[in-house]
Amino acid sequence: MDYRELYRIAEDAAKNAYTPYSHFNVGAALLTAGGKVYTGVNVENSSYGATICAERTAFVKAISEGEREFTAIAVAAGDTPALPCGICRQFMAEFAPDIDVITGPMKEGEEGDGLQVRPLTKLLPEAFVL
Ligand code: THU
């Protein structure tokens, strides 16, 4: 799948984010090796530490449906270029150490439509492995 399309799915998913505390909506679209897409949003909690990020939501949905191989994840947060947090980087490295991470914001007409593609190994070199 085209990464622009994947990013648009992430943008669309962000509308479902539950963010009464930060009001910072994030959407993720996770592409499996088989071509299926699982979306995720951040789901906040009044006990802030219980919040889950959009990226981990997408992974948890996919893993719990039996998926194990992933090729790319797009992360959209409106006009802000949101890179995955440290916990999400480690979480993703468990299943997809070299997944492509696509971030925006998308600016159509610009080089690559404004999208950035980074392998997770660049965002988290030498990840912890048990
Ligand atoms: N958040 C994500 O969902 N993904 C990221 O990549 C960065 C941060 C969420 C967590 C929290 O709900 C809000 O953004 C502000 O930190």
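This is a predicted model: local features need pLDDT of at least 70, side-chain atom pairs count only at pLDDT 80 or more; totals for chains, interfaces and linings use all residues.
**View 1. Strand β3 and its antiparallel neighbour, β1.** Start with β3, which covers residues 70-76. How many of its 7 residues are buried? The count is 6, so the strand is mostly covered. Strand β1 (residues 27-32) runs antiparallel to β3, and 6 bridges join the two. To get your bearings, look for Thr32, which sits opposite Phe70 of β3.

**View 2. Strand β3 and its parallel partner, β4.** Strand β4 takes in residues 100-103 and pairs with β3 through 4 bridges, this time in the parallel sense. One spot to look for is Ala74, whose bridge partner in β4 is Ile102. Now bring in helix α3 (residues 86-95): β3, α3 and β4 together make up a β-α-β unit, and that unit is right-handed.

**View 3. The largest nonpolar core.** This core is built from 21 residues. Leu30, Phe59, Phe70, Ile73, Ile99, Val101 and Leu120 are the ones with the most contacts inside it. At least two core residues come from each of β1, α2 (54-64), β3, α3 and α4 (120-123). Which of the elements gives the most? That's α2, with 5 residues.

**View 4. A nonpolar patch on the surface.** Tyr21 lies in the loop between α1 (3-13) and β1. It counts as partly exposed because its relative accessibility is 38%, which falls between the 20% and 50% cut-offs.

Definitions and conventions
Residues are numbered from 1 along each chain as its sequence is written. Side-chain values use heavy atoms; hydrogens and water are left out. Buried means under 20% relative accessible area, exposed over 50%, partly exposed in between (1.4 Å probe, protein chains only). Two strands pair if DSSP finds at least two bridges between them. A crossover is right-handed if, with the strands pointing away from the viewer, the path from the first strand over the helix to the second runs clockwise. Patches are made of residues with over 30% relative accessible area and no salt bridge: like charges are joined within 9 Å, nonpolar side chains (Val, Leu, Ile, Met, Phe, Trp, Tyr) within 5 Å. Accessible areas come from the Shrake-Rupley method with a 1.4 Å probe; for residues, only the protein chains shown count as cover. A salt bridge is a side-chain nitrogen of Lys or Arg within 4 Å of a carboxyl oxygen of Asp or Glu. A nonpolar core is a set of buried Ala, Val, Leu, Ile, Met, Phe, Trp, Tyr and Cys residues joined through side-chain atoms within 4.5 Å.
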